[in-house]
Amino acid sequence: MRSICISVSAVRSSKMDSEEAPAQRPVTLEITVEDATAEAPGPDPPKLTISQTPLRENLLPQVESIDLGGEFSTPQEDSSATPSESLMDKLNDQMMESVLISDSPNNSEEEDDDDDVAPMDSFLDAVEEEDHFHETSVDKEEQGEIGQNTTEIEVTVEEQEKDSSVEKVDEETREQTDTEEQVISCVSLQVDEHSPSDPNSGEPSLLEAQETKDYSVPVCTIFSHGTHPKSLVPDGFQPTLIKSPSFSMGSGVETSEAVTPSKLMAPLVCQPSPSLSKFFNDNGHVNPASDFFDSFTVPSSFISVSNPNADIPPGATPASIAPTPERQLSSTSSSISNPGGALDSGAPTPSSVFAPSESTTKAQPPPSQEAPAQAPAPAPQPQPFNTLQAVFSGSDDPFATALSLSEVDRRHDSWLPSEETRKLLISVATQQYSPAYVETTRLTMPGLKFDNLQGDAVKDLMLRFLGEAAAMKRQVLTANSVEQSFTGLKRLISSKNWRAAVDLTGRLLTAHGQGYGKAGQQSSHTTDSLQLWFVRLSLLTKLNLFQNAELEIEPFGNLDQPDLFYEYYPTVYPGRRGSMVPFSMRLLHAELPQYLAKPQEALDRLHNLKTVCLAILENLEKGLAEDGSMITLTQENRQGSLKLWRSRLSRVMYSMANCLLLMKDYVLAVETYHSIIQYEPQQRVQLLSGIGRIFLQIGDVKTAERYFQDVEKACQMTGSQPSHTTCVLMNRAFVSLSQNNYTEAHASFTEVLKMDPKNPVANNNAAVCLLYLGCLKESLGQLEGLVQQDPALYLHESVLFNLTTMYELESSRSTQKKQALLEAVACREGDSFNTQCLKLV
Amino acid sequence: MDVSQAKQEHLLALKVMRLTKPTLFTNLPVTCEDRDLPGDLFDQLMREDPSTIKGAEALMLGEMLTLPQNFGNIFLGETFSSYISVHNDSIQVVKDILVKADLQTSSQRLNLSASNSAVAELKPESCIDDVIHHEVKEIGTHILVCAVSYTTQYGEKLYFRKFFKFQVLKPLDVKTKFYNAETDEVFLEAQIQNITTSPMFMEKVSLEPSMMYNVTELNTVAGGDEGESTFGKMSYLQPMDTRQYLYCLKPKPEYAEKAGVIKGVTVIGKLDIVWKTNLGERGRLQTSQLQRMAPGYGDIRLSLEMIPDTVNLEEPFDIICKITNCSERTMDLELEMMNTRSIHWCGVSGRQLGKLSPGAFLSLPLILLSSVQGLQSISGLRLTDTFLKRTYEYDDIAQVCVVCPYTNNEC
């Protein structure tokens, strides 16, 4: 095989030959682009290459590498670039408009350099030439002569093009790298900055004080008498029961064995239920955050039902009773908090009734010398407990199960952990194994990885461009201005203040003992804490803060640790089984790597999820419960479960398809999207249209049209719904667009608007088509009108991006117009607004 | 410095934007279930988001079009489109505006403006728009030169221009390989590699044969009416992927008759490649004429017109040889047949074949038998040109499989 260079321009190919040993290039074929118009002025350069025929005698090689661009130099070569060049580049750059020139640096890497070993002296010559080139071009501009120097330019361009292309690319690479560095540094700022002004930092001392006070409280002997599993804690382990947020900041941490779930003790904390909204500002009340933790979850009223049952078994020792009051307590408190949804009502809850007696237990720091004495005691105990626990875990006792397990809980929380975790959970449930013995490596120990406030980029921009006065007018909800509860969190989310919401989740998690720097330290999990993590990670993902999300989800491992399952906490969640981690969080966990350039890992995780979903569906179809146990489900129940798990499966499939699309594996992506239709037949039209758009993206217009035809058939089958007609018209518009027929595309989008004048997509797309038709003003007018009339719909990233791009194209005063947009954004949008689309910076 | 100052003095502003195809906005679905803390909130937010697909919010690829965000890459064979906008930034009416857009390549300068006539006047805040298109036919540095001349209301004639430099890159790497078949057919294998950074849909890769050949494309698997592509259902090429196309070229009968004529370097044809990328962005390239060195046959070419593939042991079988005079002179030929260990020629050796003029051929039926089983090579033909006393040896002309017809019965 011999490599033959096909050069495109005759001038250059002859030059190359003169520079190189002819033997290396036996034949020069040229690739010509067919000249459709056939009216190219001047001599047709490619024809000139016939001059290379002397070497035809050698034309024995059977393989010819047709190198379309052998002339490109590689970035390495520009190491010899002289300083003067870069100076000239700067000059040159001033003439360039940033809109136009931004070659991707990657491409320079693709060009092969084998045949570009130009002699050094010619290289230097070229450098000189280039300087000359720049001078002339600048001169020309100053002189203001039209086209007189054309020939001069031609010559110089030819001779220096190799080098200029190199340095151009290189320079851009450098620029790109610079910006990348900036981006990285921004991220690291966010991650690493441990702001000393952390609002929590003031707390420890107070908390410590509080804690020492607690230590002085007499110890309640119910627990320390060791019948409860947690008293199996061996030497040196101190049962730190109070997971009330702030406590862990103090000395409680050193004991570090938070074996007992905070849930256990939380309700026992007696506080005259302070106003939660004040809580974080008012260090006088330290505990109530733990109250708050009961507010959301444990909505399952079944606990109070199950408890009497649990107590019934004869031979129940005092130990077995021990958990009871708490459970009742928690259930009562939760039932009260449920209706309101938040605890900030301030009304004393019934829990306070129990408080005086129970509050002693919470402190319960057994003197260390007592521990060994207690240790042997529990050994004979398990017997009665087993019988008791059998009630909770007893899948073979349908009655008890029915009582203790809410159907909905079971349906949603079902999960199939790994074999190892499953065994451990069974042994915990049957009291053969105390959670205390679980190696710490098998535990989940999350904590916030950054605690700086997220801020408000819109306000920052206003400060910079509109001045302090304008910025002061910006009113958004912050973590401080809402209730420090789930209600407040929801308010922040729905008002699109996701950054503030992230801050608030941070506070709430800190209150739970999983705050900043707590990663790697033991803490317990509750339904609430995991929901908080889920919300926090979702919001980080929504805000495109993927690195942060990854850092924080990392301690959760693969979400298979035993302490993420309800069975691990038989006392806090008696009888409850399954995954404490919400399914949506598993999905998020699986999706996350794809945004961090690790799509393979995401696919692996998604496939795991899919496997579990399929296994659960199989169990259900076989007449078993979700986890494969032999529970008889009512028909209604089973249908409910099947429906839920089918929808979960289809959601996983969506994620897989999306991930494959990101990976540009179009074959599998299309296949996967197609397979979703069987689970979500009502989404047939949308899915087929989506597949069609994928084909358009690749450039395969014909196949796309086939899919769009299928869409039209599907629409006819289901009768004429307006949404379907819209969909058909949109698809037609996209096909026209792909055929370069912008007029037709614009007409189709306009037709959609006749039926649905408020359709934001059609409006935006019609405006985009107008630009391609050369009607900048009309396009701009349309988009501007939309944003003014209906900001709720059109203050969207994509629309604003288009609008600002057109501003830049339209006039030199784009910055003022963008600032006007910023003001519009400032009065409507929350802090999660992506300011990049305004292109102000 | 001078340049930028000069820029600000002008009443008109020139802006240029490359119009690559718009892209479809992708959204980032984050969902939760009703029982989760945010309840319906996330789903509601996604439903309200105008860029999501209603009814299928988890579908990432939306319908919202966004304008190109940067210049991107431009490849040989693609069309360079650009929006040129001249905007009157001043508060006075400007007259006689002439906008001229030229593209300077390494070899030529092309005028791309749609019209070359001047615009009579331009009011403040209005603009002159032009969308230019150019199919890129050269690789390397291109400079878009935009020149604007105008007259102010005070009659002052002003002129400025701007340069926009960009690189045209090579999109494909094409390698070809020829295989010569015994029967004058030529097989062309073309390896096409996508050396861009985006997937490429190969709309058409065809071989336009030169006048001497007919071409058959061998890139579909027979079956059905249309035949399935050998590349599977999806005809796109990922970055750095290579694909092999195979073509069979048969000389047209009028040229095949004069087999001796096809000699030396022949022009086979050229490859015509059409591809598409994002939303139908189209590109087209043709290779130059592909050339092949026809295999040299010397003065006399001996080929086989008929030969059985399997023969019985010790049974005579027929072959037909074709002898073509590829030389420039008339030959007088004598045929000699030499037996080998396994192949035996039947008939008289040393017979005269008569005169053969240049380019003429004769068909020669011969009879052989094999005494050994297995795959046997036919060798031992000698042709002697009695004019020049030159002998041409033909060994390993072909192979036949020799089998024993009695195996089953006798064993």
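These legends describe several close-up views of a predicted model.

**View 1. Two stretches of chain A carry a repeat annotation.** Residues 650-683 of chain A are 71% helix and 0% strand. The end C-alpha atoms of that stretch lie 11 Å apart. Residues 726-759 of chain A are 79% helix, again with 0% strand. Here the end C-alpha atoms are 9 Å apart.

**View 2. Ser641(A) sits in helix H29 of chain A.** The helix spans residues 635-662. Ser641(A) has a relative accessible area of 0%. Ser641(A) therefore counts as buried, since the cut-off is under 20%. Ala625(A) is 16 residues away from Ser641(A) along the chain. The C-alpha atoms of Ser641(A) and Ala625(A) are separated by 9.1 Å.

**View 3. Ser641(A) and its contacts beyond four places in sequence.** Ser641(A) is in contact with Arg410(A) and Arg411(A), and also with Leu620(A) and Glu626(A). With Arg411(A), the link is also a polar one: the two side chains make a polar contact at 3.1 Å.

**View 4. Chain B has four helices and 33 strands.** Chain B holds 411 residues, and 55% of them count as buried. Among contacts in chain B with a separation of 6 or more, 69% join residues 24 or more positions apart. The accessible surface of chain B is about 17,300 Å². Carbon and sulfur atoms make up 51% of that surface.

Notes. Residues numbered from 1 in each chain as written. Chains lettered and ligands numbered in written order. Predicted model: local features only at pLDDT ≥ 70, side-chain atom pairs only at ≥ 80, totals over all residues. Heavy atoms only, no water. UniProt positions renumbered as here; feature names shortened; annotations may be inferred. Helix = DSSP H or I, 4+ residues; strand = E, 2+ residues; numbered from the N terminus. Buried < 20%, exposed > 50% of the residue type's maximum accessible area, 1.4 Å probe, protein only. Contact = heavy atoms within 4.5 Å. Polar contact = N/O pair within 3.5 Å; in protein donor to acceptor, adjacent residues only side chain to side chain. Areas by Shrake-Rupley, 256 points an atom, 1.4 Å probe, with all protein chains shown as cover.
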